[in-house]
Amino acid sequence: METNISTKAKNGLGVVSIVIMIWTVIPLLWILATSLKSDAALGDSSKNVLGNFWPKDISWDNYKLIFSGGASDLFMPALWHSIIVCVVSTVISVVLATFCAYAISRLDFPGKKLILTTALAVSFFPVIAMVTPLFNLWRQIGLFDTLPGLIIPYLALTLPLSIWILSAFFQQIPWEMEQAAQVDGATSWQAFVKVVAPLAAPGVFTTAIIAFFTAWNDFVFSSNLTAQHAQTVPAALSFFTGASQFVQPTGAICAAAVVVTIPVVILVLVFQKRIVAGLTSGAVKG
Amino acid sequence: MSSIELKHIVKKYGDGFPAVNDVNLDIKDGEFVILVGPSGCGKSTLLRMIVGLEDITSGEMEIDGKRVNDLAPRDRNLAMVFQNYALYPHLTVFENIAFPLRLQKGKHSNEEIDKKVRDASAMLELDEHLERKPGNLSGGQRQRVAMGRAIVREADAFLFDEPLSNLDAKLRGQMRTEIARMQRRLGITTVYVTHDQTEAMTLGDRVCVLKRGILQQVASPRELYEQPTNLFVAGFIGSPPMNFLPAKVEGNSLKLPFVDVPLDGPLAEKVKGKDIVIVGLRPEHLKDTTVETGPEHSVKFNAVVDQTEWLGNEQYAYIPYEADGAVRDQLEELDRDLDGEGLRTQMIVNLDPRSRVLEGDEAQLAFNPASMHVFDPQSGDNLTRDDARAAEIAADSEKMRKAALERARKRDAEQAEKSA
């Protein structure tokens, strides 16, 4: 890596990155601040400091509302649905994509190009274009408002992405590794499990996290293909109502948004090193 | 311990080009065989066919008399060292070496594996690195780990695919002797691929020279050097390479660019009916008559030296000449086959280091006509090859190989007795 950047350029880059960091962090902080405001503070800037930004008295009412209050009927099941749907679709997607990508990068079979192009083409379709036909189909075959009814579209969303990322990873692992394992007495399966899979672990982690985020943050499918029994958090948020029709549920929505962001932040922090290693090693041609 | 037999082995790729064409080779038990040739000659492909990583298009491959054409690599019980070592980066050195043992489920207990790995690591002086990962090792250490992984297997044969080409020159020399010592000590059948003729000459009991997938000559290093069968082998073996000079046959003499050589008895018989031949003359067979007496019956001539290189223990002089039109194409093709750059035609002379010849000087040189190799310019065949002498050398090398193997085994047995 090049390190001969002048001090001036370094300072310049530092300033730019601070600006970008503030730009991206402020909305998140704003959500956090809003979730801590009481209903009264939401409408009265004199109860806040820093120009309506941070509440003078921190209130946990919004969190109480979504966990045990009036909105909990809506929020708690949605949180469960989100977790189940995202974990299941991530696991299935990563497992399938691992095998598929391994086959694509290692074996020579007819239709290899077709699979890759199809995978790419599928991810080109705007999600919204698929929702209406899916809605009609799901209603007829009874998948509407069920967990599998969400997991299947999420797989369609995450599989192409996972296949592409992982096949790039597998292609970097030198062929000789596997051949050495085979000469050492391993079957193809043993070579895959003992040599290739551990080497591809960073790639698998990266893929899993990206797949998880994609499903976790989805709004379009969830809001259209579910009613109550399988609704995930992003969709549930849109159904929050205030205490009366004249009160906006802003505080509760923000509290819920903070809650659903937490797992994502934790995931990123825990796997930070692996993601970085994965992203960079996936970017460099091997 | 086993013999490997290759019968009419052919490898064709998708485009129908034969990368390996009709190779017959009989590798004896405990023999060290080298596959050598310029890049793209099919030597690696041949090795990978032996180990089973490459399908055999046609022909028979037998290990210990058993046909292995359709066996998977894991069922052939061969150990291989790859050019880039192919160590498993996520495992420690210990686990890398233990890997093949752990795959043989139930065959070895943990204590056995531990003992075998430690034996191998002691032999290769890897003891203090056992807990490290391959990524933290130097090139030579990685190379030794790869060899350790091959040794613990107690495989039927070792296969090496250019194992030293990633090391620097000094380390390469050390590892070369290390491999030779290990092979003698274990007395295990070994096939070794290289493009480096020093490795080929120093390591091999027998050397197979390949050109474009076709086996040119299989012989001991000495026979290859003294009795090459054709132009290609003659040009490939030896450093600096043999000089090839065009020569006209005129009556009772052979006209070389610098000198006329009288044609006598057997040689005259062999070149009869040919107008032009190619004469091969090794640089070390030319002498500077001012510092050393020329060999007996030598032919003397003077030539202007264009460039000299003094290396301490020897000295090279370069003497340019014009190649005759009739053989120029043949020599250019040979140069291409040998990965040459098609530069000027020049004669290299390996002078005595005491020689005071300088650039631009006229040197007084001599050589013995008996040291000449004469080649047919069309077929490239060596007309002066002495089959009886070649057979003598072959028998002699085989005897020496057997003796060395016997000695190594006896010493091993003695050592085992001592430690017992």
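**Exercise 1.** How far apart do the end C-alpha atoms of residues 191-216 of chain A lie, and what percentage of the span is helix?

Solution. The model is a predicted one. Start with the annotation: an unreviewed UniProt entry gives "transmembrane region" for chain A at residues 12-33, 78-102, 114-138, 150-170, 191-216 and 250-271. Next, take the span 191-216 of chain A: its end C-alpha atoms are 34 Å apart, and the span is 100% helix and 0% strand. Then take 250-271 of chain A, where the end C-alpha atoms are 32 Å apart and the content is 95% helix and 0% strand.

**Exercise 2.** Describe the overall build of chain B, then its division into domains.

Solution. Begin with secondary structure: chain B contains 11 helices and 21 strands. Along the principal axes, its C-alpha atoms fill a box of roughly 80 × 45 × 40 Å. Of its 420 residues, 40% are buried. Among contacts in chain B with a separation of 6 or more, 71% join residues 24 or more positions apart.

Chain B is split into domain 1 (4-226) and domain 2 (231-385). The centres of these two domains of chain B, taken over C-alpha atoms, are 37 Å apart. Contact between them involves 10 residues of domain 1 and nine residues of domain 2. On the domain 1 side, at least two residues each come from helix H6 (197-203), strand S9 (206-211), strand S10 (214-219) and helix H7 (221-226) of chain B. By class, that side of domain 1 has four nonpolar, five polar and one charged residue.

**Exercise 3.** Which elements of chain B give two or more residues to the side that touches chain A?

Solution. First count the residues: 18 from chain B and 15 from chain A take part in the contact. Then assign them to elements: on the chain B side, strand S6 (78-81) and helix H2 (93-103) of chain B give two or more residues. Finally sort by class: the chain B side holds 13 nonpolar, three polar and two charged residues.

Conventions:
Residues are numbered from 1 along each chain as its sequence is written. Chains are lettered from A and ligands numbered from 1 in the order in which they are written. This is a predicted model: local features need pLDDT of at least 70, side-chain atom pairs count only at pLDDT 80 or more; totals for chains, interfaces and linings use all residues. Helices (H or I, at least four residues) and strands (E, at least two) are DSSP runs, numbered from the N terminus. A residue is buried if 20 or more other C-beta atoms lie within 10 Å of its own, exposed if 12 or fewer, and partly exposed in between; C-beta atoms are placed from the backbone. Two residues are in contact if their C-beta atoms, placed from the backbone, lie within 7 Å. UniProt positions are given in the numbering used here, feature names are shortened, and annotations may be inferred rather than shown by experiment. Domain bounds come from an automatic or database domain assignment. Ala, Val, Leu, Ile, Met, Phe, Trp, Tyr, Cys and Pro count as nonpolar, Asp, Glu, Lys and Arg as charged, and the others, Gly among them, as polar.
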